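Subject: Structure handover

Hello,

Here is the structure for you to look over. My notes follow below it.

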Amino acid sequence: MPVFKTPFNGYSVKFSPFYESRLAVATAQNFGILGNGRVHVLDLSPAAPALTELVAFDTADGVYDLAWSESHDSLLIAAVADGSVKIYDTALPPTANPIRSLHEHTREVHSADYNPTRRDSFITSSWDDTVKLWTVDRPTSVRTFKEHAYCVYNATWNPRHSDVFCSASGDCTLRIWDVREMGSTMIIPAHEFEILACDWNKYDDCLIASASVDKSIKIWDVRNYRVPIAVLNGHGYAVRKVKFSPHKRNLLASCSYDMTVCLWDFMVEDALVGRYDHHTEFAVGVDMSVLVEGLLASTGWDELVYVWQQGMDPRAV
Amino acid sequence: MATQSPPSPSSTAGNPPTLAAETSQQATGVQQDGPPEAAEQPISSPSVFVNSEPMREEQVQNAVKFLSHPKVRGSPVIYRRSFLEKKGLTKEEIDEAFRRVPDPPPSAQATSANQDGQVKSSSSNIQSQAPTQALQPQPAGAAPTAVSPASTMMMSRFHWYHAVLAVGLLAASGAGTAVFIKKSLIPRLKSWIRKVVLEEEDDSENKSIAKPSLAEEAAAAAKAAAAAASDVAKASQELLNSKNEERRYFSELMNLLDVQLQEMKSMSNSIRKLEGPSNNSGRTSLVNQEDHRDSVTGVKQPYANGKADFDMQSVRSSSPPAPGEPSVAPHPKSYMEIMAMVQRGEKPPNIRDINDLPPNPNQQLPNPRLAPKAKPWEVGQAQIASGQVIQSQVSAEGLNFKVQDNGLNHQSDDDSSVPWWQRKNVKITEVGEDEIKAGPYGVRTNEPPVQRTWVPPQPPPVVMPEAAEAIRRPKPSGPTEQSTSHQLASQASEVADELQRITKISEVGGIEEIKGNGSVQNSSEIQEEQETHA
């Protein structure tokens with residue numbers, strides 16, 4: 001299974017929705033505390049298991065998250081720690097990039113997500129307690145959603161309803177929003193501690209997974225949101241990222257500060273179905289490929305990016 | 001801010017209770033936009049993403065009591081809202097509580113008597129809330145519990161301080177009075193001696209013997225006192241000297257210990273280095289570590305080695321830590337170093353000055369080279385839908401091809417071999433195929449039927465726009481125009497969405513793109529329509 005060593009600490013990894021063999025990695029120097037950042041676009045060579053870098057873009061501040069455009073195969077959105085949102089055209093050389101730099105957030109931008117259904121807009125969430133809606137062709141944001149009382153760590157679009165998205169915040173609540181409404185349409189006090197990530201189930205558009213500092217992942221049904229339908233325990237430290245499988249209804253992947261990437265089946269009593277401990281530092285980014293079933297990628301503060309097939313050992317040669 | 005939501009209920013609060021009750025029941029979008037389309041009326045069924053529970057009076061009353069507390073009134077509104085949200089109140093309940101709070105004082109005072117018990121609990125809650133929010137961004141799970149012991153500690157410390165202060169005061173006053181007395185006594189003594197001496201001079205002979213004796217006695221007493229004082233001084237000096245010596249010995253000891261500790265550290269590092277390569281035989285990537293990373297990760301090696309051991313893994317996973325006790329994960333050593341550096345105000349040396357602004361801010365967006373691919377969860381649905389229809393065979397084939405394209409046996413390249421990332425374990429392949437072919441619904445039969453509310457737009461090119469139009473016509477849908485393809489697109493999406501979507505395209509932006517995608521959307525939505533009405 002191929003490994004790629006990044007010069008800076010990894011923060012996020014995302015597969016391209018257009019090319020099976022392509023992925024992008026967001027990294028930040030000095031663990032993202034203070035320093036430069038870099039976005040790598042990597043390619044999986046089909047013959048031998050290897051990851052090669054196609055192009056890399058340097059930023060003044062660390063990059064915390066990425067989102068591939070769903071409408072343009074070469075566009076990449078980067079969430080940068082200096083509060084800017086940068087749009088890169090991976091088909092152009094680094095000297096012609098970025099093609100846009102949108103600076104509206106007043107604090108670090110922690111996540112970016114592209115709308116998979118409308119394919120024309122994306123949302124970014126920031127430590128300035130807001131979520132902003134953008135389109136690639138506009139120089140300013142379309143909407144700003146400000147209700148959370150603390151940093152918004154993650155915001156993700158609903159895979160079926162093109163106007164609905166969910167946000168996870170350090171104020172310990174999940175909020176569901178509809179871009180057509182003024183404020184949030186639902187507030188779920190999901191955990192007693194900060195919620196670091198959220199994701200929608202791709203096959204049941206009413207299920208949300210939330211990952212928290214309290215080491216647990218909870219699955220919520222918005223139709224009955226007072227009680228979670230499942231609580232997944234097993235991580236040793238805060239869970240940093242959670243991602244529902246694009247191919248299997250009940251499968252989700254998570255990565256945590258306990259340096260492991262775990263796979264869960266939330267409909268089963270013993271939910272943990274896989275555990276990968278290949279990282280030697282906090283595992284901070286994980287993604288499941290939409291185009292290739294079972295393909296996983298992860299990155300962490302150990303400056304390594306792994307791509308492997310579910311069921312295999314990420315460190316196998 | 002939180003100000004976004006109050007305006008809307010306050011505007012409707014103009015006609016208070018009835019409208020407020022309605023807002024809690026319906027999707028608020030209906031009221032806000034007043035507008036006009038007749039198609040909006042059937043939207044009485046709210047979307048699932050809106051909370052449609054009625055307001056709970058008990059929760060509202062608790063919230064009112066909380067908000068009426070003087071300490072709470074001093075805190076920012078956003079924290080009050082956040083607290084109530086965490087307690088599980090819905091927006092409507094919170095807004096109602098906010099509305100009720102600036103109520104006339106009598107009601108507040110009448111309930112204040114009952115509140116004393118609750119006030120303390122809520123105040124302690126508030127205290128715990130404020131410090132937790134002040135201590136973040138680092139997850140501070142221990143803060144709430146730490147505050148109350150700290151407060152009791154404060155109380156006990158007060159006693160200590162009191163006692164120390166009192167003792168100090170007493171000593172100072174004692175010393176002051178002693179000095180004062182001495183100062184007043186000595187002159188008195190002297191004057192008394194002089195008097196005696198004078199009187200004795202008058203009685204010349206008798207007193208002459210006593211005088212010198214008195215004076216001598218006084219002198220002797222003074223000498224003795226001086227000697228005692230000097231002795232005391234000497235003793236204290238000796239004490240100081242011995243203390244200094246002890247300190248010296250102690251520091252020497254510490255130095256020796258440090259030296260020994262460093263020796264041990266270096267020895268253990270070298271041992272681990274020797275051990276390290278043998279354990280990392282499987283990790284080809286880590287062999288090429290740089291030297292400085294070796295020294296940095298040297299401390300973490302035992303942790304990593306422990307993780308490599310499967311037995312340890314299984315032991316750890318069998319007893320998962322209880323949630324709700326978020327211990328802070330041990331950060332890497334270099335992370336702590338950098339944090340310390342930054343807090344001291346130093347900049348880590350490896351940062352470059354990079355200009356990451358767009359070189360050409362008006363750079364044109366590229367033309368998309370590839371059509372967007374169907375998502376696996378959408379394809380599954382569309383495939384089932386088309387499977388039931390005889391008419392749409394052409395498009396069904398197209399979709400089948402798409403499924404296999406995205407699925408396991410993808411062969412778009414000229415390579416004869418399957419790319420390595422698609423070779424899978426047999427077990428997973430079979431399960432996966434079942435999933436893709438049968439869709440997720442075949443697996444669990446007791447699942448509720450698929451809610452095919454709205455199939456998202458799909459890329460297969462428009463097959464027969466004329467047929468699409470023909471099918472469209474008899475359908476009753478809101479707006480009356482059915483001729484142009486643009487209108488078709490908006491209609492198709494509206495109808496298929498079960499009238500849940502209010503297409504406020506202008507607000508979301510990107511009218512052009514949506515319309516552009518609309519023509520592509522036609523085909524799949526047509527199939528959807530076909531099968532629902534076939």
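Predicted model: local features only at pLDDT ≥ 70, side-chain atom pairs only at ≥ 80, totals over all residues.

Residues are numbered from 1 along each chain as its sequence is written, chains are lettered from A and ligands numbered from 1 in the order in which they are written, and side-chain values use heavy atoms, with hydrogens and water left out.

Chain A overall

Chain A has 0 helices and 28 strands. Helices (H or I, at least four residues) and strands (E, at least two) are DSSP runs, numbered from the N terminus. Chain A has 317 residues, and 81% of them count as buried. Buried means under 20% relative accessible area, exposed over 50%, and partly exposed in between, with a 1.4 Å probe and protein chains only. Take the contacts (heavy atoms within 4.5 Å) in chain A between residues at least 6 apart in sequence: 45% join residues at least 24 apart.

The cores

A nonpolar core here is a set of buried Ala, Val, Leu, Ile, Met, Phe, Trp, Tyr and Cys residues joined through side-chain atoms within 4.5 Å. The largest one has 30 residues. A:L23, A:L44 and A:V307 have the most contacts inside it. Elements giving two or more residues to this core include β2 (9–15), β3 (22–28), β4 (37–44) and β28 (304–309) of chain A. β28(A) gives the most, with 5 residues. As a general point, nonpolar side chains tend to be buried together in soluble globular proteins.

A:L44 also reaches the other chain. Leaving aside neighbours within four places in sequence, its contacts include A:L23, A:L295 and A:V307, along with B:W420 and B:W421. Another core lies apart from the largest one. That other core has 22 residues, among them A:Y11, A:W127, A:C151 and B:I338.

A:I87 is in strand β8 (residues 84–89) of chain A. A:I87 is buried, at a relative accessible area of 0%. Its C-alpha atom is 7.9 Å from that of A:V136, 49 residues apart along the chain.

A:Q29 is in the loop between β3 and β4 of chain A. A:Q29 is buried too, with a relative accessible area of 6%. Beyond residues up to four places away in sequence, A:Q29 touches A:F8, A:N9, A:L34, A:G35, A:N36, B:N350 and B:I351.

A:Y257 is in the loop between β23 and β24 of chain A. A:Y257 has 17% relative accessibility, so A:Y257 counts as buried. A:Y257 and A:A238 are 19 residues apart in sequence and 5.6 Å apart in space, C-alpha to C-alpha. Apart from residues up to four places away in sequence, A:Y257 touches residues including A:Y237, A:A238, A:F282 and B:A329.

Helix packing in chain B

α6(B) is mostly covered, with 7 of its 10 residues buried. Those are B:I78, B:R80, B:R81, B:S82, B:F83, B:L84 and B:E85. B:G88 follows α6(B) and has a positive phi, near 95 degrees.

Axes are lines fitted to C-alpha atoms, for helices over the stretch in contact, and angles run from 0 to 180 degrees between N-to-C directions. The axes of helix α4 (residues 57–68) and helix α6 (residues 77–86) of chain B come within 11 Å and cross at roughly 150 degrees. That makes α4(B) roughly antiparallel to α6(B). Angles under 35 degrees count as roughly parallel, over 145 as roughly antiparallel, 65 to 115 as roughly perpendicular and the rest as oblique. B:A63, B:F66 and B:L67 in α4(B) meet B:R80, B:F83 and B:L84 in α6(B).

α6(B) also packs against helix α7 (residues 91–100) of chain B, at about 135 degrees and with axes 10 Å apart. The two helices are therefore oblique to each other. From α6(B), the contact uses B:V77, B:R80, B:R81, B:L84 and B:E85. From α7(B), the contact uses B:K91, B:I94, B:D95 and B:F98.

Best regards
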